[in-house]
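Visitor: I have the sequence and the coordinates open. Can we go through them piece by piece?
Guide: Fine, go ahead.

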Amino acid sequence: MRKIGILTSGGDAPGMNACIRGAVRAALVNHLEIFGIRWGYSGLIRGDIVSLDRRAATNIIYQGGTILGTARSEEFRTKEGRAKAIKMLQDTGIEGLILIGGDGTFRGGTLLSQECGVSIVGIPGTIDNDCYGTDYTIGFDTAINTALEAIDRIRDTATAHDRLFFVEVMGRHTGFIALESGIAGGAEEFLIPEVPMSIDELSRRLEKNFKEGKRSAIVVVAETEQPGESFHIAQEVKDKTGFDSRVCILGHIQRGGAPSARDRVLASRLGTAAVQALIDGKGGYMVGEINREIAYTPLKDTWEKKKALHSGLTDLLKVLSD
Ligand code: ATP
């Protein structure tokens, strides 16, 4: 293998640049030519491909976002779209491809690999941490710290006004961000899909807490299909308890910002591991980190298997938020 490519796809996540940097450095050390494909699969279809030298990865380790840009491409879902992408890969002579993204990105890449034989390696890059085959995804640590900072600030104003707050965090149908940022922020209650709680029960618990002298509280809510569900929840709780509350939806601020040290280290490690996987002929795998060791997971497991919340952390809720 002499030429490899790298792209970022799906939602951006802090640490993607550190990962690109790691891959560029590893490629050059191993005398491989590395190309950056801009704007994910859309850019691949258009042939938006640039050669990355050492300088291209200078001073990007601390930057959020992705220097390559990211996108979602409907055209790539079609065989015709992928045929255009294949032609671009062949014209450039790219034999191995590193995909930084989520399970959708890996699914598309797997089809591409089956259709043209290009070797692919996935790297989990998403703030949601909902990727099977790794303890943490790139961007998650930064996102929970951003959410935590917001929760701490809300705590100040909640305490000052004796108020109930609902803080809605991202997570795309999973409770990873809500669970860890909520535990760290001392949230009183958690609404997360993996540990269901009815509005009746939430209302009862809040009433009990307030009766026992609590004067303010924070409920961390994992976003559902439609961001903003917390407004309805707050209204339902008010209808049942009479408690007035405020809602804060953190939204996309959780996606941005300088990556945390932990994300930079993870991203650097996975970027270099992905290059090594291509060199070793380990195409068709995602490189992740499990118990601090590099782990190789067949790509299809990433969309066929579901990662569970850490039971040690969900068990904590019974103690901490009581
Ligand atoms: P995130 O976790 O941030 O959403 P993701 O990689 O899961 O990341 P998706 O939007 O699901 O994000 O996928 C990214 C892109 O991968 C899509 O826009 C599409 O181009 C391609 N893709 C996803 N699923 C498929 C599929 N089944 N077949 C072909 N291409 C796909």
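Visitor: How many bridges join β7 to β8, and which way do the two strands run?
Guide: There are 3 bridges, and β7 and β8 (residues 217–222) run parallel. Keep in mind that this is a predicted model.

Visitor: Which residue in β8 does L191 stand opposite?
Guide: L191 stands opposite V221.

Visitor: And which strands does helix α6 touch?
Guide: Helix α6, residues 176–184, packs on the sheet and touches β6, β7 and β8. Its direction makes about 175° with that of β7.

Visitor: What is the strand order in that sheet?
Guide: The order is β7-β8-β6-β9, an open sheet of 4 strands with parallel pairing. From one strand to the next, the twist averages 20°.

Visitor: Which strands stand at the edges?
Guide: Those are β7 (189–191) and β9 (245–249). Each has a single partner strand, so one side of each is left without a neighbour in the sheet.

Visitor: What does helix α5 lie across?
Guide: Helix α5, residues 140–161, lies across β6 (164–169), β8 and β9. It runs at about 170° to β6.

Visitor: Switching to the other sheet. What is the order there?
Guide: That open sheet has 7 strands in the order β3-β2-β1-β4-β5-β10-β11, and the pairing is mixed. Its edge strands are β3 (49–52) and β11 (293–298), each of which pairs on one side only. The twist averages 30° from one strand to the next.

Visitor: How many bridges are there between β1 and β2?
Guide: β1 (residues 3–8) and β2 (residues 33–37) pair over 5 bridges, in the parallel sense. As one example, I4 has I34 in β2 as its bridge partner.

Visitor: Where does α1 lie?
Guide: α1 lies across β1, β2, β3, β4 (96–101) and β5 (119–124). It runs at about 175° to β1.

Visitor: At what angle does α1 cross α9?
Guide: Roughly 40°, with the axes of α1 (residues 16–29) and α9 (residues 261–279) coming within 7 Å. The crossing is right-handed.

Visitor: Which residues meet there?
Guide: On the α1 side they are A18, C19, G22, A23, A26 and A27. On the α9 side they are R264, A267, S268, G271, T272 and V275.

Visitor: Now the ligand. Which residues come nearest?
Guide: G11, R72, S73, T105 and R172 come nearest, out of 18 residues around the ligand.

Visitor: How far is a polar side-chain atom of T105 from an oxygen atom of the ligand?
Guide: The distance is 2.4 Å. For D103, an N or O atom in the side chain is 3.2 Å from a ligand oxygen atom. R77 has a polar side-chain atom 3.4 Å from a nitrogen atom of the ligand.

Visitor: How much of the ligand's surface does the protein bury?
Guide: The protein buries 88% of the 620 Å² that the ligand exposes when taken alone.

Definitions and conventions:
Residues numbered from 1 in each chain as written. Predicted model: local features only at pLDDT ≥ 70, side-chain atom pairs only at ≥ 80, totals over all residues. Heavy atoms only, no water. Pairing = 2+ DSSP bridges. Axes fitted to C-alpha atoms, helices over the stretch in contact; angles between N-to-C directions. Contact = heavy atoms within 4.5 Å. Near = heavy atom within 4 Å. Polar contact = N/O pair within 3.5 Å; in protein donor to acceptor, adjacent residues only side chain to side chain. Areas by Shrake-Rupley, 256 points an atom, 1.4 Å probe, with all protein chains shown as cover. Left-handed = near helix turned anticlockwise from the far one by under 90°.
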